[in-house]
Amino acid sequence: MNGKKPMLKMENVSKIFPGVKALDKVNIEAYGGEVTALMGENGAGKSTLMKILSGVYQKDEGKIFIEGKEAHIKGIKSAEEYGVTIIHQELSTLNNLTVAENLFLGNEKCCKFSRRINKKEQIERSKMFLEQIGCNLDPNELVANINVGEKQMIEIAKALTKNARIIIMDEPTTALTDIETTNLFKVIENLKKKGIAIIYISHRMEEIFTICDRVEVLRDGKYAGNALIKDIDNDKLISMMVGRKIEEQFPYKEAKKGDKLLEVSNLSCNEGVNNASFEVRKGEILGIAGLMGAGRTELAKTVFGEYKKTSGSIKINGKEVNIKNIEDAISQGICYLSEDRKKEGCVLGLSVGENMSLCNLKKYQNSLRKIDRNKENQDIDYYINKINIKTPNREQLIKNLSGGNQQKVILAKWLMLSPEVLIIDEPTRGIDVGAKKEIYDLLNELKSMGKAIVMISSDLPEVLGISDRILVMSEGKISGELSRKEASQENIMKLALA
Ligand SMILES: Nc1ncnc2c1ncn2[C@@H]1O[C@H](COP(=O)(O)OP(=O)(O)OP(=O)(O)O)[C@@H](O)[C@H]1O
Ligand SMILES: [Mg+2]
């Protein structure tokens, strides 16, 4: 495409899972010293394609060429021998080992004569590799004590210890703070200078335009084209991904505001909320912005009864309620959609349908206390269609769904409870542009039905786009409130740093 020879070429690659053609004759290229974005909607096949390249899955057909020669990738080790490493979205660092031990895990440096691990050499080499990516972590530090951004740095340094020529990053920034993301981008610039080919998956459009050089697009398991980033814009990229234009990325709808539904006064908890007061009315979407660690999730979990409040009170429809645990919260009509879907949101060993009706079984009990399966299944299928969950059927195990589609199942689970107050924490993290719009439409629909919605989000365009009112948190406190009219990226950031 630009006169250079590709470092990687995948040709006519196909992969079938039971009931799903995940990839259908896909072609992509990646070049040394460049970042190639791999884009597509949830379930388009991005992770599957990258798992094939990194030896996690075997392809059913097609060829892979690395630096012009055909590569026969038989497994993860074999991929590493070809210079390919993947940094999965769910990081695989081990908490009970040190930074250095993690870096050389499976690849330990041994002493010459005894077969003991040469700790000293590992520590020295760790320092060197970490320095190469501008990271000053102590190699002796226990990984349990470091944060997600730093864990990611370990994974990248680990790729360097294996002499990686192709590094794949699958949604690397979903759990990072803004500062960590900026840091990651610096590291990526460094990797580019070393001539490494980087393949980058993300649903955050602005990132693609910041650090990528080219883009390859998949649509529904098929190849949908490529482009140089400098030749395209946001709208063009979206229409390549979804096959149509998205008119309004953040649809806002005015609704009739009713009485106060949720009133929180002087709420505190030991997990990091300090004297927070706010209210949400029927027919209102209240956005909560702030930096990571500002106490937003903690505030939500305290209202939801997951964390114990140390002071304050909560009123529903003007009446004080005593919420001691999650069950109390749910029976008061409050639901909370967690930001951490793997840990708190879903049961990986259960099906899509079971995950959706998990908290709802009471709703489907008839007078004989038997579950009305027909009614339950009707509702499950309704939501699968309503928010376009990509799954062959409701019996599919949730662990076989793509990341974004798992997120949609969890949203459906809470919607099925028809809550009065819906608190959602980073609801569109990992969700593609098209599906985001469907979720916003759904929130607007709930709003017009007179529900109260609290939306915690780090995505400022999203908060600004669909909230009626915005609270900003900083260091456990509510540092300000802005009306839809007043709010801008600048004044939110000012309050977030207050
Ligand atoms: N182990 C598996 N068993 C069955 N189906 C699978 C498996 N892994 C993936 N799939 C299916 O293959 C398709 C592609 O999934 P993949 O995870 O590659 O999507 P993705 O583009 O990474 O999406 P996302 O942006 O949501 O992460 C989906 O329909 C998914 O349900
Ligand atoms: Mg994926």
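Two residues are in contact when heavy atoms lie within 4.5 Å. Keep that in mind for this predicted model.

**The cores**

Start with L262. Leave aside its neighbours within four places in sequence. L262 is then in contact with F278, E279, V280, V303, I314, K315, I316 and V421. L262 also belongs to the largest nonpolar core, which has 63 residues. Along with I334, M356, L422 and L443, L262 touches the most other members of that core. Helix α14, residues 403–416, gives this core its largest share: seven residues.

**The ligand site**

Now turn to ligand 1. There are 21 residues around ligand 1. Of these, G43, K46, T48, H203 and S402 come nearest. The shell holds six nonpolar, eleven polar and four charged residues.

Which elements each supply at least two residues of this shell? They are β2 (20–30), α1 (46–53) and α14. Helix α1 gives the most, with three residues.

| Residue | Part of the residue | Distance to an oxygen atom of ligand 1 |
|---|---|---|
| A44 | backbone N or O atom | 3.3 Å |
| K46 | side-chain N or O atom | 2.8 Å |
| N400 | backbone N or O atom | 2.9 Å |

How much of the accessible area of ligand 1 does the protein cover? On its own, ligand 1 has 640 Å² of accessible area, and the protein covers 92% of it.

Terms used:
Residues numbered from 1 in each chain as written. Chains lettered and ligands numbered in written order. Predicted model: local features only at pLDDT ≥ 70, side-chain atom pairs only at ≥ 80, totals over all residues. Heavy atoms only, no water. Core = buried A, V, L, I, M, F, W, Y, C linked by side-chain atoms within 4.5 Å. Buried < 20%, exposed > 50% of the residue type's maximum accessible area, 1.4 Å probe, protein only. Helix = DSSP H or I, 4+ residues; strand = E, 2+ residues; numbered from the N terminus. Near = heavy atom within 4 Å. Polar contact = N/O pair within 3.5 Å; in protein donor to acceptor, adjacent residues only side chain to side chain. Areas by Shrake-Rupley, 256 points an atom, 1.4 Å probe, with all protein chains shown as cover. Nonpolar A, V, L, I, M, F, W, Y, C, P; charged D, E, K, R; others polar.
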